[in-house]
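Please keep the coordinates at hand while reading.

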Amino acid sequence: MINKVKVIAFDADDTLWICEPYFQELNAQFLHMMADFIPPQLAARELHQTVGENMALYGYGIKPYSLSMIETVIRITGEERSGKYVKKVIELAQEMLAKPIELLEDVELVLQSLRTDYRIAIATKGDLLDQERKLKNSGLEHLFHHIEIMSEKHEDDYSRMIKRLGIAPDEFLMLGNSLKSDIIPVLSLGAHAIHIPYYVTWEFERVEEDVIHPNLKTLTSIKEVLPMLKRN
């Protein structure tokens, strides 16, 4: 039962702040650069393949993504012509790393409201330095009792996190936008989850089948959690 929950963990990217739309902008710029060599749909396919092949090696975030983009540029343009395009990818990546953090609506209100009744955690995956930077620049860091930056978000990763928190799985609630990373692994442990879909989902995070579980709730906005969880 959800009234046993002691710790509420929040995903970060596209749950607390905007992320994926910036990657979509980066992809659009990449396709524009490659338009002199191959059609956009073929360039998109090449990039998708490279990112997928490198994910286990590089992990997640703008820096790993940029490495895959550079590799794809070299393959499409050829080594002799790739120099200026590689330079452009690096510039675009640096611009993206420097972007200010834009919080999603009502995020700070919800965190402030819930932290009086629960331990509040952040559970995100990606490049450690980049995620630490985003959390610091978000202005939200002081609201969390526990911060977890993972290389992956598999069942075992959540299990270790729950043990570190010193709670049982049914005392843990995860809230996020990704069924694949934020919801399914948590439900498999017997914990609780709230899915708040974002309007755009990264292609490697998409789940085609419906997820139905007694411990799962789906909401349309983060503010909707307050009537469910606020105890005062």
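The model is predicted: local features need pLDDT of at least 70, side-chain atom pairs count only at pLDDT 80 or more, and totals for chains, interfaces and linings use all residues. Residues are numbered from 1 along each chain as its sequence is written, and side-chain values use heavy atoms, with hydrogens and water left out.

**Strand S1**

Strand S1 spans residues 7–10; helices (H or I, at least four residues) and strands (E, at least two) are DSSP runs, numbered from the N terminus. Val7 and Ala9 point to one side of S1, while Ile8 and Phe10 point the other way, and all are buried. Buried means under 20% relative accessible area, exposed over 50%, and partly exposed in between, with a 1.4 Å probe and protein chains only. S1 has the pairings tabulated here; two strands pair if DSSP finds at least two bridges between them.

| Pair | Sense | Bridges |
|---|---|---|
| S1 (residues 7–10) and S2 (residues 119–125) | parallel | four |
| S1 (residues 7–10) and S4 (residues 172–176) | parallel | four |

Phe10 stands opposite Ile122 in S2 and opposite Leu175 in S4.

**Nonpolar cores**

A nonpolar core is a set of buried Ala, Val, Leu, Ile, Met, Phe, Trp, Tyr and Cys residues joined through side-chain atoms within 4.5 Å. The largest has 57 residues, and Ile8, Phe10, Leu16, Phe30, Leu114 and Val225 have the most contacts inside it. At least three of its residues come from each of domain 1 (7–17 + 101–225) and domain 2 (20–98), with bounds from an automatic or database domain assignment. Another core, of 19 residues, lies apart from it and includes Ala9, Phe172, Val186 and Ala193.

Contact means heavy atoms within 4.5 Å. Not counting residues up to four places away in sequence, Leu114 touches Ile8, Phe10, Ile120, Val225, Leu226, Leu229 and Lys230.

Leu187 is part of helix H8 (residues 179–188) and is buried because its relative accessibility is 7%. Beyond four places in sequence, Leu187 is in contact with Ala193, Val211, His213, Asn215 and Leu216. Asn215 is 28 residues from Leu187 in sequence, with a C-alpha to C-alpha separation of 6.8 Å.

Glu205 sits in the loop between strand S5 (192–195) and strand S6 (216–218). Glu205 counts as buried because its relative accessible area is 10%. With residues up to four places away in sequence left out, Glu205 touches Lys125, Ser178, Lys180 and Ser181. The side chains of Glu205 and Ser178 form a polar contact of 2.5 Å. A polar contact is a pair of N or O atoms within 3.5 Å; within protein, one must be able to donate a hydrogen and the other to accept it, and residues adjacent in sequence count only if both atoms are side-chain atoms.
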